[in-house]
Amino acid sequence: MDQERFMIIVKGDDKTQDVSSYELDPPIVRIIYKGSSKAYPYQLNDIQLLTPTAQDITEDMAVFHDEYPFYNVKRVLDFGPKTRVCFSNGSIRTFDSGRIQVGSSSIQNAEGRQILDYWRAISKHVKSEDEQENKEAFLAKQFAKLHYVDPNSALSQYLLKKPIKSDIPATSGGNHHQFQFISYSFLF
């Protein structure tokens, strides 16, 4: 079955890629698996036949699994209890929906975008001593790749002219004075 159009959960397990076809005849669902011509009968309450809500992922969006980012995501398919993440290379992975988050970049704000565009413009003129004159500046290449800024990041707070949150707990590797010094240095 087409994993981007359907999800077939049999007794709690996602069997979509193993299913060739199904026939719904309440209270029975007959499933024919790939490589077989035999129809396997299941009780309707043992089967979930789900269709998704699709969300295309643009370059100013990010997909996270338990707060860790995924890269090269093309589309996210929300099937309710499960979510499928479709990658640019054609692979598809299924997760519990509560573990997947889709975030929008904080540089969608016009003022933040203007600041970032200004940095991009001046970065083209800044080259290190190691860079040859005909090569693109390293900083310009890095800014050209920056399309997503996490709303919870220090960069986002700076671009949006908001104070940097100081709710980070002190670690055993530092002390309160070091943390204060770092926090105050961002204010100037």
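An open sheet is formed by 3 strands in the order E2-E1-E6, with antiparallel pairing. Strands, as well as helices, are DSSP runs numbered from the N terminus (strands: E, at least two residues; helices: H or I, at least four residues), and two strands pair if DSSP finds at least two bridges between them. Strand E2 (13–14) and strand E6 (47–50) stand at the edges with a single partner strand each, so one side of each has no neighbour in the sheet. The structure is a predicted model, in which local features need pLDDT of at least 70 and side-chain atom pairs count only at pLDDT 80 or more, while totals for chains, interfaces and linings use all residues. Residues are numbered from 1 along each chain as its sequence is written, and side-chain values use heavy atoms, with hydrogens and water left out.

Within this sheet, strand E1 (residues 7–10) pairs with E2 in the antiparallel sense over 2 bridges. Val10 is placed opposite Asp13 in E2. In general, the strands of a sheet pair through backbone hydrogen bonds, in either a parallel or an antiparallel sense.

A further open sheet of 3 strands has the order E3-E4-E5, again with antiparallel pairing. Its edge strands, E3 (19–25) and E5 (39–43), each pair on one side only. From one strand to the next, the twist averages 25 degrees (axes are lines fitted to C-alpha atoms, for helices over the stretch in contact, and angles run from 0 to 180 degrees between N-to-C directions). E3 and strand E4 (residues 28–33) run antiparallel and are joined by 6 bridges. Asp25 stands opposite Ile28 in E4.

Asp25 also takes part in a salt bridge, its side chain meeting that of Arg30 at 3.3 Å, N to O. A salt bridge is a side-chain nitrogen of Lys or Arg within 4 Å of a carboxyl oxygen of Asp or Glu. Asp25 is partly exposed, with a relative accessible area of 37%, and Arg30 is partly exposed at 30% (buried means under 20% relative accessible area, exposed over 50%, partly exposed in between; 1.4 Å probe, protein chains only).

The structure holds 8 salt bridges. One of them joins Glu4 and Arg75, with the closest N and O atoms 2.6 Å apart. This pair links distant parts of the chain, as Glu4 lies in the segment before E1 and Arg75 in strand E10 (residues 73–78), 71 residues apart. Glu4 is partly exposed, with a relative accessible area of 25%. Glu4, Asp56 and Arg75 are linked in a network of salt bridges.

Another salt bridge is formed by the side chains of Glu111 and Lys161 (2.9 Å, N to O). Here too the pair links distant parts of the chain, 50 residues apart: Glu111 is in helix H1 (residues 110–123), and Lys161 is in the loop between helix H3 (154–159) and helix H4 (176–185). Glu111 counts as partly exposed at 40% relative accessibility, whereas Lys161 counts as exposed at 59%.

The largest pocket has a volume of about 340 Å³. Of its 15 lining residues, Glu59, Met61, Phe70, Tyr71 and Tyr148 are the closest to its centre. (On a 1 Å grid over the protein atoms alone, a pocket is an open set of points where a 1.4 Å probe fits, with protein on both sides within 12 Å along at least five of seven lines; lining residues have an atom within 4 Å of a point.) Strand E8 (61–65) and strand E9 (68–70) are the elements that give two or more residues to the lining.

Key
Points joined across faces, edges and corners; volume = space filled by probe spheres on them.
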